[in-house]
Amino acid sequence: MTTTPPMHYSPTPPLSPPSSHPPTPLLSDLPVQTDPEPYDLLGIGFGPTHLALAIAFEEEHPGKRAVFVEAKDGFSWHPALLLPASRMQISFLKDLATFRNPQSTYSFISYLHSHGLKRLVGFSNIGSWTPSRAEWAGYLAWAATRLGHLAAYSNRVLSVQPMPSVSGSAKILKVTCLDATTNTLHVRYTRNLSVGTGATPVIPSLFKPLTLPAGGEGFVAHTSDYLPTLRRIFGSDEGDLSFSGRFAVVGGGQSCAEVFNDLLSRYPRASVDMIHRSSALVPADDSPFVNARAFDPASTDEFHALPVSDRLERLHEFKRANYSCIAPELLESMYKTLYRQRVQSDASLLSPNSPPPAPTHRILANSHVTSCVPLQASKPQSGEPTVSLTVSSLLPSSSSSTSSTENYTAVFLGTGYHRPPSSLSFLSSCAPYLPTLSSFLNGSTPAEHQLVQREHYLPPASDGAWKARVFVLGFNEKSHGLSDGLLSVGAVRAGEVARALTGMKEDGGVPAPA
């Protein structure tokens, strides 16, 4: 079975102005490069999930062939949120390898030691289990550099097609990528495929017409595009002591709190509003008992064995350990900032004929945005607003006005992430063989809320007709628990996948073209 790939490749965003370059050629006109020998493992995406898998593969299957294709031009990990005050929320022991193989040379401790004994000793002197996010990003980049021989960057996957053998059994998958560096189609074959493409930012429909970098008019952006948006507004993200505009942050989770706190630091004369729906900002529960039940790798087996109703109840029970919650120390810092503001306001009352200053920073609870309108001919660099938001109360009654309209220089959305069916559309040719994938792509719930088996691969409709294995990682919270999309289980899960690979002792071979 084959699927015709999209007919056009557009290197520019849909809203970009017309290009003066010649029309983009049809994919069918591009040269094709083929790797005829099947890989034992081909991974789509090269973030932390697949870094851990690449390490496990090298350590547990020496001499076997693997490649990881990545659409980006090089390795990066949340570069838009590498803020000076941001720290990891997990122990450094939950790195790419330690829980699977404490002797691995890819551990965080090995990374520190690679920079010299003083670096390792210096980290120990900090007395913290949680590195800064910038240091963790450096660790991941160090691992990615060491694994560079397994990575194929600037490769966007167009399709994955089963290649039935003479007996009719699909043992080999054909993966077609567009290589942006050479403008060629690159065809590879593999016995095992792993998908670790991460999540997609959620942009509520109200904000979509204005959201950057899609080309909107106002400076509205998801927090995953935070630092690049500051660079678009100011030309740099170094901060500005004189800037006196207004910012809004929409949402009540960790990324919103980090952006709120960072804006206060970079632009001390600016005003910042944080708008969220709940009654109060709540702390993340990182207590040891909750960590043991929600995030320890050993809890995956127990969670997977539960009936569907019990799984959903367990997810709801531990929601505050991961969703719409904030690190306690950051919450305390934010509260102290607002309290200092109140003290200054009260002190101003002692000055005769001096009205109290308006609150510089506000946290608007029980509130939601009902209107988002661009303001034309704005100059954000001078502090002029670009976006007008109407914010309404969610309370049934209020002594004050239930809605107000404010103008902002920029709006940042901490509205979460999701993994929609479109994120696996390149697997559509495999769906007739894989019923749970078919259900997912059609937007329906797979049976028992389970997309993959316990070993993380898609179950075939027939073992006789389908021999290849397709692993899907990070999409399986409802069957594998809250930690499935997080870093906590990455190393252990990588070992499970490495041991579940099929055909590792077969010579294989690419079937003759039809």
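This is a predicted model: local features need pLDDT of at least 70, side-chain atom pairs count only at pLDDT 80 or more; totals for chains, interfaces and linings use all residues.
**Reading the labels against their cut-offs**

Q: How many disulfides are there, and what rule gives the count?
A: The count comes to zero disulfides, where the rule asks for a pair of cysteine sulfur atoms within 2.5 Å. In general, a disulfide is a covalent bond between the sulfur atoms of two cysteines. Residues are numbered from 1 along each chain as its sequence is written, and side-chain values use heavy atoms, with hydrogens and water left out.

Q: Why are Cys177 and Cys256 called buried?
A: Buried means under 20% relative accessible area, exposed over 50%, and partly exposed in between (1.4 Å probe, protein chains only). Cys177 comes in at 1% and Cys256 at 0%, so both get the buried label. Across the protein, buried residues make up 48% of the 514 residues.

Q: What makes Trp129 exposed or buried?
A: Its relative accessibility is 54%, so Trp129 counts as exposed. You'll find Trp129 in the loop between helix H3 (117-126) and helix H4 (133-146); helices here are DSSP runs of H or I with at least four residues, strands are E runs of at least two, and both are numbered from the N terminus.

Q: What makes Leu93, Phe99 and Trp129 a patch?
A: Patch members need over 30% relative accessible area and no salt bridge (a Lys or Arg side-chain nitrogen within 4 Å of an Asp or Glu carboxyl oxygen). Nonpolar side chains are then joined within 5 Å. Leu93, Phe99 and Trp129 form such a nonpolar patch on the surface, with about 300 Å² of accessible area together (Shrake-Rupley, 1.4 Å probe).

Q: Why is the pair of Phe440 and Phe475 called edge-to-face?
A: The structure holds 24 aromatic pairs. In this one, the ring centres are 6.0 Å apart and the planes 80° apart. Rings pair if their centres lie within 6.5 Å (for Trp, the six-membered ring), and planes under 30 degrees apart count as stacked, over 60 as edge-to-face and the rest as tilted, so edge-to-face is the label. The pair links distant parts of the chain: Phe440 sits in helix H11 (residues 435-441), and Phe475, 35 residues apart from it, in the loop between strand E19 (469-472) and helix H12 (477-480).

Q: How do you know whether Phe440 and Phe475 are buried or exposed?
A: Phe440 has a relative accessible area of 14%, and Phe475 has 14% too, so both count as buried.

How values were computed: Patches are made of residues with over 30% relative accessible area and no salt bridge: like charges are joined within 9 Å, nonpolar side chains (Val, Leu, Ile, Met, Phe, Trp, Tyr) within 5 Å.
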